Amino acid sequence: MPPWGRVSETKGQRMTGGSESCASVLNDRARYPRWTEEMVAALPRYRAEGRKWFQMYDKIADERTLRLAWERINARTTGEARLRGAGLDGMNMEAFAVLADSRLPAMAGELKARTWKPTPVKRHWIPKPGSNKKRPLGLPTIADKVVQEAVRGVIEPIWEEQFLDGSHGFRPGRSTDSACRMMEMHLEQGRVWVVDADISGCFDNISHKAIAKLLERRLADGRVVWVIEAMLKAGVMEGWSLNRTSAGTPQGGVISPLLCNIVLHELDTRLEAEGIAWVRYADDFVLLCETREQAERAHDIAAQALAPLGLRLNGEKTRIVHLDEGFDFLGWRYKGRQRWPRDKSVKAFRQKAKLKTLRNRPGSIEAVCAELEPLLRGFFNYFRNGNSARTFSHVTGWLRRRLRGMLRKRQYGKSGISTRMEHFVWPNAYFAAKGLFDLQSHLVVFRMKHFHSPIRG
């Protein structure tokens, strides 16, 4: 069996490094429409000479930039999401689309006059995957999202060019899989002692002063720092209570992932300078060492690097473990030479699937299966390239039992878990005919396409 159940080439494997690939990413006109080839070519020279970038705010406040930012947000928000996610002004994507032609010029005028003021973000609580707890999500207004997207599209290349290879979160051309693949490379090289790190409330506690200081290192245009600080200090509205924020960047903001990467780049450079192997995806990172003593030292260095940023390691969740003990990373459970969906990932999936398979819900079985398909397909696509066969079997069997419970309730008026007899009344083939996405059969097909891998794992 290939290590960690990998059977195919992936986006992370195809990703190439070096200045050429970085230039090709930064020359992406769709992502960075205001950046020319000459500006991209100047990035490494400016960094080497310690030069700063001027007049970037003029590009942000330009109506064309705002319109392109709106088009990007509008294009990537589809389906039911267009009717959700309204900020304090109550305006969702569909509503803003109607008014965009008049709102965008007005927003550009406010930015140029520096009279623009962001609206406080709306606090929304969402279930935490694999837990009964909830985590806070900040919902900016669509207009503020457009401004954030405009800022991101203008300033991101300045930092994207200097980010290190171990950083994978929310970066073009990188993914959770590229992060996992890099980590596996370190494990293969004998770095089997792992600091499984957890930052306490990273997005909620990042120092605003640290953000401003790091922005000013590369930007000579104080107006850009002003507009970002205005976003950070806009406050959070929860119910009828407005809470002003002195630290943190709200999860849900378009600009938040970039600011997180800019701040944690300080951690990355410290680890790199100390010769510590690391892989980071946003605020989720691991340190990889050859001995426990090295891992303990790496832990202490990471803690020291985080302190000036207003951050600290969570003492209860941060662990030093050997690969043979196992650890979790980006939804996977790693142990020895295998990896499979971690328990929290499966629990989070089941919670979502339960809501679509309530026994008293209306709709035909075909309709239920159609609703389940995007959820199942997403789960399959993420976890198919690992030792997931057993998990897929359990999940598929559990879902069929849920569906039999629905049929039992409808036909006999009885609640409870389906019996063995009902397995014969509604066999697996029945649900296949109704369109249920079968994780197991799709896994077999996926692995058969890669003949060098066994089907079972």
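Analyst: Strand pairing

The bridge partner of Asp328 in strand 10 is Arg333. This is a predicted model, where local features need pLDDT of at least 70 and side-chain atom pairs count only at pLDDT 80 or more, while totals for chains, interfaces and linings use all residues. Residues are numbered from 1 along each chain as its sequence is written, and side-chain values use heavy atoms, with hydrogens and water left out.

Strand 9 and strand 10 (residues 332-335) pair in the antiparallel sense over 3 bridges. Strands are DSSP runs of E with at least two residues, helices are runs of H or I with at least four, and both are numbered from the N terminus. Two strands pair if DSSP finds at least two bridges between them. The open sheet here has 3 strands in the order 9-10-11, with antiparallel pairing. Strand 9 (327-329) and strand 11 (338-341) are the edge strands, each pairing on one side only. From one strand to the next, the twist averages 30 degrees.

The loop between strand 9 and strand 10 holds Leu330. Leu330 is not a glycine, yet its phi is positive, at about 55 degrees. Leu330 counts as buried because its relative accessibility is 13%; buried means under 20% relative accessible area, exposed over 50%, and partly exposed in between, with a 1.4 Å probe and protein chains only.

Arg114 is in the loop between helix 6 (93-113) and strand 1 (121-127). Its relative accessibility is 42%, so Arg114 counts as partly exposed.

Strand 1 takes part in other pairings. With strand 2 (residues 134-139), strand 1 pairs in the antiparallel sense over 6 bridges, and with strand 4 (residues 236-238) in the parallel sense over 2 bridges. Lys122 has Leu139 as its bridge partner in strand 2 and Met237 as its bridge partner in strand 4.

Now the core. The largest nonpolar core has 129 residues, among which Trp53, Phe96 and Phe329 touch the most other members. Such a core is a set of buried Ala, Val, Leu, Ile, Met, Phe, Trp, Tyr and Cys residues joined through side-chain atoms within 4.5 Å. Helix 7 (residues 142-160) gives the most to this core, with 10 residues. Setting aside neighbours within four places in sequence, the contacts of Trp53 include Trp35, Met39, Tyr46, Ile158 and Arg218. Contact means heavy atoms within 4.5 Å.

Next comes a pair of helices. Helix 12 (residues 256-273) and helix 13 (residues 292-306) have axes that come within 9 Å and cross at roughly 145 degrees. The axes are lines fitted to C-alpha atoms over the stretch in contact, and angles run from 0 to 180 degrees between N-to-C directions. Leu264, Leu267, Arg270 and Leu271 in helix 12 meet Ile301, Ala302, Gln304, Ala305 and Leu306 in helix 13.

Finally, Arg400 lies in helix 16 (residues 389-412). Arg400 counts as buried because its relative accessibility is 9%. Beyond neighbours within four places in sequence, Arg400 is in contact with Asn428, Phe431, Leu436, Asp438 and Gln440. The C-alpha atoms of Arg400 and Tyr430 are separated by 10.0 Å, although these residues are 30 residues apart along the chain.
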